[in-house]
2 protein chains.
Amino acid sequence: MIDIALLGTGGNMPMPDRFLSSALISYKGRKILIDCGEGTQVSMRMLKWGFKSIDIILITHEHGDHVLGLPGLLSTIANSERESPITIMGPKGIEAVVRGLTVPVQYIPYGLNIIETGERDFFVYFNKEGTELREDVSDSGYFDLRISTIELDHSVPCIGYGIYVPRKPKFSVEKAISNGVPKFLWKALQDGKSVTYEGILYHPGMVLEGERRGIKLSYITDTRPIGAIIPFIKGSDIFICEGTYGHEEDHEKAVRNKHMTFSEAASLAQKGDVKQLLLTHFSPSLKNPGEYLENARNIFKNTCVAWDRLVRSIKFEES
Amino acid sequence: MIDIALLGTGGNMPMPDRFLSSALISYKGRKILIDCGEGTQVSMRMLKWGFKSIDIILITHEHGDHVLGLPGLLSTIANSERESPITIMGPKGIEAVVRGLTVPVQYIPYGLNIIETGERDFFVYFNKEGTELREDVSDSGYFDLRISTIELDHSVPCIGYGIYVPRKPKFSVEKAISNGVPKFLWKALQDGKSVTYEGILYHPGMVLEGERRGIKLSYITDTRPIGAIIPFIKGSDIFICEGTYGHEEDHEKAVRNKHMTFSEAASLAQKGDVKQLLLTHFSPSLKNPGEYLENARNIFKNTCVAWDRLVRSIKFEES
């Protein structure tokens with residue numbers, strides 16, 4: 001099971017009743033944060049999921065409403081006595097932004113591993129020694145998460161994120177026996193390793209049933225609704241997408257400011273055949289985003305106008 | 001009349017129920033902000049005093065809980081369409097901090113005048129063309145405010161601020177007549193100007209009664225209670241002072257972390273003969289600061305444990 005909380009759902013500036021858009025993902029006791037505007041740490045404290053276990057921070061782009069909470073959060077994580085490094089990922093330019101913002105941060109007792117990236121996949125391994133990011137699949141077994149990135153269309157370089165949670169295939173005793181796999185190799189093969197024993201190569205496929213569907217999350221903000229988003233979000237269990245403007249009349253504003261309307265986000269959800277759309281990143285002028293929900297539901301039924309600290313838990317499908 | 005609002009009363013990190021310590025001063029429609037931690041702009045929005053008229057931002061020191069809200073606030077002020085420059089004052093090193101923090105701020109349509117200062121006086125003039133800071137008293141009449149600074153004893157260079165609102169002396173028709181001041185010069189002399197006419201120097205003292213007491217505010221955080229604070233705060237109408245720890249048992253922590261207990265702040269208030277002490281900058285561990293109020297009141301009776309958005313308005317004394 002993976003849990004995801006929307007820490008805030010606003011864009012542009014923090015408001016008394018709406019934090020800036022940001023998401024916290026919790027899986028196997030480790031955490032990934034997406035974006036960190038001013039006040040994100042306060043919402044995180046209200047959520048009570050803790051600070052110490054945040055291993056990766058994914059930044060969509062360098063605009064203030066997505067990054068200005070970083071130095072305060074890094075200080076608060078320092079107070080939690082974390083020592084293992086944190087990876088901060090973002091588009092080109094993010095390193096200078098992080099270095100600038102952390103000038104007044106006196107004490108960071110853990111390393112900062114800053115990655116500036118274009119479109120790429122990263123494989124995340126939750127090891128006993130700490131969380132590891134690799135650009136290729138490790139030969140030591142299955143990865144825990146895959147992070148994918150897509151370049152979006154905003155006024156500055158901006159990245160959308162996909163997170164895929166793989167599901168291990170079922171172990172088949174029948175298959176292992178019929179393939180003549182010695183019993184003491186079963187565990188290694190089940191863990192995804194290939195082993196050569198007495199000149200014979202044994203591979204995981206000899207003890208495992210077919211692939212099983214994992215869990216897919218997509219996080220897309222800030223951007224115009226470019227076509228490349230559709231294959232990127234294809235089949236997502238949860239598609240979190242910006243809906244800066246609710247009213248159809250604001251379409252022109254959305255084009256000018258490189259954002260989306262509710263109906264544009266819904267259209268992506270429908271074409272991407274996702275299971276659920278959560279709208280976020282509402283303009284401060286949008287006092288009650290729920291008023292415009294029908295503009296999205298007319299196009300994609302399973303749409304939800306998100307709110308601060310909305311939590312969704314997703315399990316693997318029954319099978 | 002001058003109004004002062006404590007936007008937040010917490011130290012170290014922003015909490016769901018307590019913003020970081022900061023004060024907003026409003027006088028003659030212009031505003032001075034002291035300190036700006038993460039979330040200060042949100043409390044300011046709750047207060048509804050507006051963003052556009054902030055002319056001066058006084059920073060005590062570069063610790064995150066006093067500066068990390070600056071880039072977001074400067075963005076929000078930019079959204080208010082302000083064009084005239086803002087002065088940011090702080091101790092040595094503050095310019096690098098402000099430059100770093102504003103790396104991701106795309107658009108600041110007004111100038112930033114950054115002053116790194118030690119102990120000095122600045123005279124503030126609210127002119128029609130904008131707010132002006134001078135290091136000497138202008139010959140063009142009275143100043144609107146005087147800002148004084150004192151070097152404090154914290155773990156990094158830290159400055160306390162005093163704000164003095166002068167009160168114009170009363171005009172005396174009797175004095176003007178008995179001193180033989182021609183009537184057409186009265187207005188200029190009343191405005192504090194000296195004028196030479198027909199070889200005679202006329203000065204304000206020839207038409208004005210004696211000095212009248214103005215209004216004095218003092219803002220002291222973060223520091224140990226050094227002796228120099230006493231003459232600096234002498235006779236303040238309002239003395240806003242850090243009381244990071246309430247319990248007497250935390251005295252050792254206060255010494256180690258270069259902060260004060262409630263009783264140490266009260267002792268300064270008593271020796272400084274101030275009218276009122278407002279305690280602020282409470283440690284996050286201090287859930288209910290009011291519990292320890294008596295520790296201060298035993299030493300200085302007129303003590304108040306401040307809360308977020310507490311507003312005090314001070315008028316000139318009747319006379």
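Guide: In helix α9 of chain B, the buried residues are B:Phe262, B:Ser263, B:Glu264, B:Ala265, B:Ala266, B:Leu268 and B:Ala269. This is a predicted model, in which local features need pLDDT of at least 70 and side-chain atom pairs count only at pLDDT 80 or more, while totals for chains, interfaces and linings use all residues. Residues are numbered from 1 along each chain as its sequence is written, and chains are lettered from A and ligands numbered from 1 in the order in which they are written.

A residue is buried if 20 or more other C-beta atoms lie within 10 Å of its own, exposed if 12 or fewer, and partly exposed in between, with C-beta atoms placed from the backbone. Helices (H or I, at least four residues) and strands (E, at least two) are DSSP runs, numbered from the N terminus. Helix α9 of chain B covers residues 262-271, and because seven of its ten residues are buried, the rest of the structure largely encloses it.

What do the buried residues of α9(B) pack against? Their partners in chain B are α7, α8 (251-256) and α10 (293-297), together with the strands β14 (238-242), β15 (277-280) and β16 (303-305). Two residues are in contact if their C-beta atoms, placed from the backbone, lie within 7 Å. After α9(B) comes B:Asp273, with a positive phi near 55°. Most residues other than glycine have a negative phi, and most peptide bonds are trans.

B:Glu198 is another residue other than glycine with a positive phi, near 50°. B:Glu198 sits in the loop between β11 (195-197) and β12 (200-202) of chain B, and is exposed, with 5 other C-beta atoms within 10 Å. In chain A, A:His281 has a positive phi of about 60°. A:His281 is buried, with 30 other C-beta atoms within 10 Å, and belongs to the loop between β15 (277-280) and α10 (293-297) of chain A.

Chain B also has a cis peptide bond, from B:Thr221 to B:Asp222, with omega near -10°. B:Asp222 is in the loop between β13 (212-220) and α7 (229-233) of chain B.

The two chains touch, and the contact takes 28 residues from chain A and 28 residues from chain B. For the model, ipTM is 0.90 and pTM is 0.93.
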